[in-house]
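Please open the model in a viewer and keep the selection panel at hand.

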Amino acid sequence: MNKWEENIRKVEPYIPGEQPQEKDMIKLNTNENPYPPSPKVVEAHQNMDTDRFALYPDPSSSELVQALERYYGRESGQVFTGVGSDDVLSLAFLTFFNSDKPVLFPDVTYSFYPVWAKVYQIPYECPPLDEDFRIRPGDYMRENGGIVIANPNAPTSIGMPLRQVEEIIRGNPDVVVIIDEAYVDFGGETVLPLLDRYENLLVVRTYSKSRSLAGMRIGFAMGSRRLIQALNDVKESVNSYTMNMESIRLGAASLEDEEYFQSCLDRIVGTRTRVKRELEGRGFICLDSCTNFLFVRHERKSAGILFEELQRRKIFVRHFGGERIRDYLRITIGTDQQMDRLLEVLDEL
Ligand SMILES: *Cc1c(COP(=O)(O)O)cnc(C)c1O
């Protein structure tokens, strides 16, 4: 090793789901929305004044921040935006987890959490989910440097009741508790009603799943003014101009079409209910999903083999290697047509 290499930060990066570019594939591997964004978003895109692209965007994304504050009934200074919720979560780790004590998150959860902890050199511990893949609130009642919980959890799809989440928040007044609500619009219980009671609670959301805008990279956090101020201070110390002009505009436009938003959610939830039943009829065990995906294992067939067989037929799902979950596949809910094709292929297999 060269001397200079000793000073390189060594990290094992997060591996995102594949983004295959094949034609006529069915992509059920990264929990994107199968429906296009609202016509209001399309219109806003078409009306973008491209001459303005020569200028820097608004560093505080005011148009989007204010639209979110109105939509969620928050006061000024209680919303923060970022380049997808990955950007928001990463900054939140950097901003709030600066203790020698370990940050806590479950052993089976969003696999980016341990990667951020390592890159920022934050100690962490992972209390195991119980045998049914549920979070045990009691595990979070010990000394720690902060807590992050995805609710509903990924990749399990399971939602935790609000009273249990509150139990964890109430028991941890001395650290910041982050609740990652990436999937909450599909049927989870949100902690938003608790925001006014807990100044140390940060809720993180994304436009990538429920709002059909993964490609625009829009995420946001809601919390007390002090938390949001701290996030902004760190962000301004790293990169002032995170959100681009178009994402700011389209993110705000998306909030103006509640009817379209709800109709897409209803369709996905309807498809989820139907596909779960169909899969169960074919020998799959499906965890109870509050998300836009199903986490399933088959009574007899190996998940690894099913994954490969599906891929050969251009159906992409996700298979994780982790010890506790290697028997499972994570299947995003697509359109009814896509899911019918999946079921048809599973019947062949
Ligand atoms: C998808 C996902 C994110 C990240 O979404 P962005 O596209 O970066 O907004 C964060 N947390 C969980 C649990 C997710 O599933």
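Predicted model: local features only at pLDDT ≥ 70, side-chain atom pairs only at ≥ 80, totals over all residues.

Residues are numbered from 1 along each chain as its sequence is written, and side-chain values use heavy atoms, with hydrogens and water left out.

**Stop 1: lysine 101**

Select lysine 101, in the loop between α3 (84-96) and β3 (103-104). Helices (H or I, at least four residues) and strands (E, at least two) are DSSP runs, numbered from the N terminus. Lysine 101 is partly exposed, because its relative accessibility is 37%; buried means under 20% relative accessible area, exposed over 50%, and partly exposed in between (1.4 Å probe, protein chains only). Next, display Pro123, Glu143, Asn144 and Gly145, which lysine 101 contacts when neighbours within four places in sequence are left aside. Contact here means heavy atoms within 4.5 Å. The side chains of lysine 101 and glutamate 143 are joined by a polar contact of 3.5 Å. Such a contact is a pair of N or O atoms within 3.5 Å; within protein, one must be able to donate a hydrogen and the other to accept it, and residues adjacent in sequence count only if both atoms are side-chain atoms.

**Stop 2: aromatic pairs**

The structure holds 20 aromatic pairs. Rings of Phe, Tyr and Trp (its six-membered ring) pair if their centres lie within 6.5 Å; planes under 30 degrees apart count as stacked, over 60 as edge-to-face and the rest as tilted. Select tyrosine 71 and tyrosine 72, an edge-to-face pair at 4.8 Å centre to centre with 75 degrees between the planes. Tyrosine 71 is partly exposed at 28%, whereas tyrosine 72 is buried at 18%.

Which arrangement do the rings of phenylalanine 105 and tyrosine 124 adopt? Their planes lie at 15 degrees and their centres 5.2 Å apart, so the pair is stacked. Phenylalanine 105 sits in the loop between β3 and α4 (112-119) and tyrosine 124 in strand β4 (residues 124-125), so that the pair links distant parts of the chain, 19 residues apart. Phenylalanine 105 is buried at 1% relative accessible area, while tyrosine 124 is partly exposed at 28%. Both belong to one aromatic cluster, whose members include Tyr14, Phe93 and Trp116.

**Stop 3**

Select threonine 156, in the loop between β5 (146-150) and α5 (162-170). Threonine 156 is buried, with 0% relative accessibility. Not counting residues up to four places away in sequence, threonine 156 touches Val108, Leu129, Phe133, Leu287, Phe293 and Phe295.

Then select leucine 329 in strand β12 (residues 329-332). Leucine 329 is 173 residues from threonine 156 in sequence, and their C-alpha atoms are 9.9 Å apart. Leucine 329 is buried at 3%. Among the residues that leucine 329 touches, beyond four places in sequence, are Phe295, Leu306 and His319.

**Stop 4: helices α8 and α10**

Finally, select α8 (residues 258-281) and α10 (residues 336-348), which pack at about 5 degrees with axes 11 Å apart. Axes are lines fitted to C-alpha atoms, for helices over the stretch in contact, and angles run from 0 to 180 degrees between N-to-C directions. The angle makes α8 roughly parallel to α10; angles under 35 degrees count as roughly parallel. Residues of α8 in the contact include Thr271 and Arg274, and those of α10 include Asp336 and Met339.

Methods
Parallel < 35°, antiparallel > 145°, perpendicular 65-115°, else oblique.
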